[in-house]
Amino acid sequence: MKFPGILITAAPAGSAASVTELTVEQLPPGAVLVRIEYSTLNYKDALAICRGAPVVRSFPMVPGVDLAGVVEASSDDRFQPGDAVLANGWGLGESQWGGLARYARLPGDFLLPMPGGLDARRVMAIGTAGYTAMLSLMALERAGLTPARGEVLVTGASGGVGSFAISLLAARGYAVTASTGRLHESAYLRSLGAQHVIDRAELSTLGKPLQKERWAGAVDSLGGATLANVCAAMKYRGLVAACGLAQGMEFPATVAPFILRGVALLGIDSVRAPREERLAAWERLSRELDPAKLELTVREISLPEAIPAAAELLAGKVRGRLIVRL
Ligand SMILES: NC(=O)c1ccc[n+]([C@@H]2O[C@H](COP(=O)([O-])OP(=O)(O)OC[C@H]3O[C@@H](n4cnc5c(N)ncnc54)[C@H](OP(=O)(O)O)[C@@H]3O)[C@@H](O)[C@H]2O)c1
């Protein structure tokens, strides 16, 4: 059986990505064969498509950190043909063939049953971005964040993680400040639930080690100088969830916010999060996201469109989420 998929291959100039005809026999071994209905295009997928390494750890590689579809065949007792399933993380699109193809073969441990009330399109509309935003919210609340403690900042606000973080926080009653480089998207950010919108330029150049206390909590998907400034501007015992590096990998901070204000920095990893936490996150996502707001964040594209869209995404021109129809 032949089917289309994006394949990233090693090339003299690094790597090249194209839509290719694949066969089931080519798929890596695994207990469960999934017919994929929807995947997504995340920042990491865009990096893989446009630059290959270091996201792609071995070639050839099918990118796509998320997938949702139906079990076609299974030798794992937990999954039967016809079951609706989803998978994200676990090295999909990095070291394991991922979701940007019509079929994937995976270990059963990678798969979760479709959360109640969601289907493949909606679960991919949420995707790793929504799931990471939920892991961030869960980490902040586990550490004691409540709406009564004050405003919560979301950086990279008009991106995938940022858009979901705003919606989820606002739905829980938090007063959200969105930081964005796209002030012309302010109406969109307010429609998601942001009370205030600030220019990301306020945070993107390294400032003093301790700054005016502004926020009780933060979800940061940028890293770099922004994360250092966010930590420096947290209220006493403020809580920061660090989940991304869209500005940079470095963290040019001092220990001052941590030892003088008791600020806590919480690391968020979606790739290897334990199964129980994944199930809890998806269950909460199925209950707490407003489907109407979800539609506001989504643009559906075809598989061939995913390749040019990857460059757009890296250039910061994509608002919200791109879901890929297989
Ligand atoms: N920890 C995990 O497991 C995990 C999971 C998913 C994603 N991530 C990471 O989280 C980050 C965001 O992912 P995403 O899917 O939301 O990406 P995305 O949709 O591309 O959003 C990133 C946003 O960051 C802002 N931004 C981009 N470049 C910037 C720069 N140079 N300086 C300042 N702001 C910049 C933009 O927001 P504005 O236009 O609003 O300023 C952009 O929309 C990525 O680094 C991704 O790798 C991590």
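User: In which loop is Ala 143 found?

Analyst: Two points on the source come before the reply. This is a predicted model, where local features need pLDDT of at least 70, side-chain atom pairs count only at pLDDT 80 or more, and totals for chains, interfaces and linings use all residues. Residues are numbered from 1 along each chain as its sequence is written, and side-chain values use heavy atoms, with hydrogens and water left out. Ala 143 is in the loop between α2 and β8 (152-154).

User: Is Ala 143 buried or exposed, or partly exposed?

Analyst: The classes rest on relative accessible area, with a 1.4 Å probe and protein chains only: buried is under 20%, exposed is over 50%, partly exposed is in between. Ala 143 has 37% relative accessibility, so it counts as partly exposed.

User: Which residues does Ala 143 touch, not counting residues up to four places away in sequence?

Analyst: Contact means heavy atoms within 4.5 Å. Arg 284 is 141 residues from Ala 143 along the chain, and their C-alpha atoms are separated by 18 Å. With residues up to four places away in sequence left out, Ala 143 touches Arg 149, Leu 239 and Leu 266.

User: How are helices α2 and α8 oriented to each other?

Analyst: Helices are DSSP runs of H or I with at least four residues, strands are runs of E with at least two, and both are numbered from the N terminus. Axes are lines fitted to C-alpha atoms, for helices over the stretch in contact, and angles run from 0 to 180 degrees between N-to-C directions. The axes of α2 (residues 120-142) and α8 (residues 275-288) come within 9 Å and cross at roughly 110°. Angles under 35 degrees count as roughly parallel, over 145 as roughly antiparallel, 65 to 115 as roughly perpendicular and the rest as oblique, and α2 and α8 are therefore roughly perpendicular.

User: How do the residues of the contact of α2 with α8 divide into nonpolar, polar and charged?

Analyst: The contact includes Val 123, Ile 126 and Tyr 131 of α2, and Trp 282, Arg 284 and Leu 285 of α8. Ala, Val, Leu, Ile, Met, Phe, Trp, Tyr, Cys and Pro count as nonpolar, Asp, Glu, Lys and Arg as charged, and the others, Gly among them, as polar. The contact of α2 with α8 divides into 11 nonpolar, two polar and six charged residues.

User: What separates the centres of domain 1 and domain 2?

Analyst: The bounds come from an automatic or database domain assignment. That assignment gives domain 1 (2-114 + 296-325) and domain 2 (128-267). In contact are 13 residues of domain 1 and 14 residues of domain 2. Taken over C-alpha atoms, the centres are separated by 29 Å.

User: Which elements do the buried residues of α1 pack against?

Analyst: Helix α1 covers residues 43-51, and its buried residues are Asp 45, Ala 46, Leu 47, Ala 48 and Ile 49. Just after α1, Gly 52 takes a positive phi of about 70°. The buried residues of α1 pack against β1 (2-11), β2 (14-23), β3 (32-41) and α10 (303-314).

User: What is omega of the cis peptide bond that joins Phe 59 and Pro 60?

Analyst: Pro 60 is in the loop between α1 and β4. Pro 54 also lies in the loop between α1 and β4 (66-74), and a cis peptide bond with omega of about 5° joins Ala 53 and Pro 54. For the cis bond of Phe 59 and Pro 60, omega is about -5°.

User: Where does Arg 237 lie?

Analyst: Arg 237 is a residue other than glycine with a positive phi, near 60°. Its place is strand β12 (residues 234-242).
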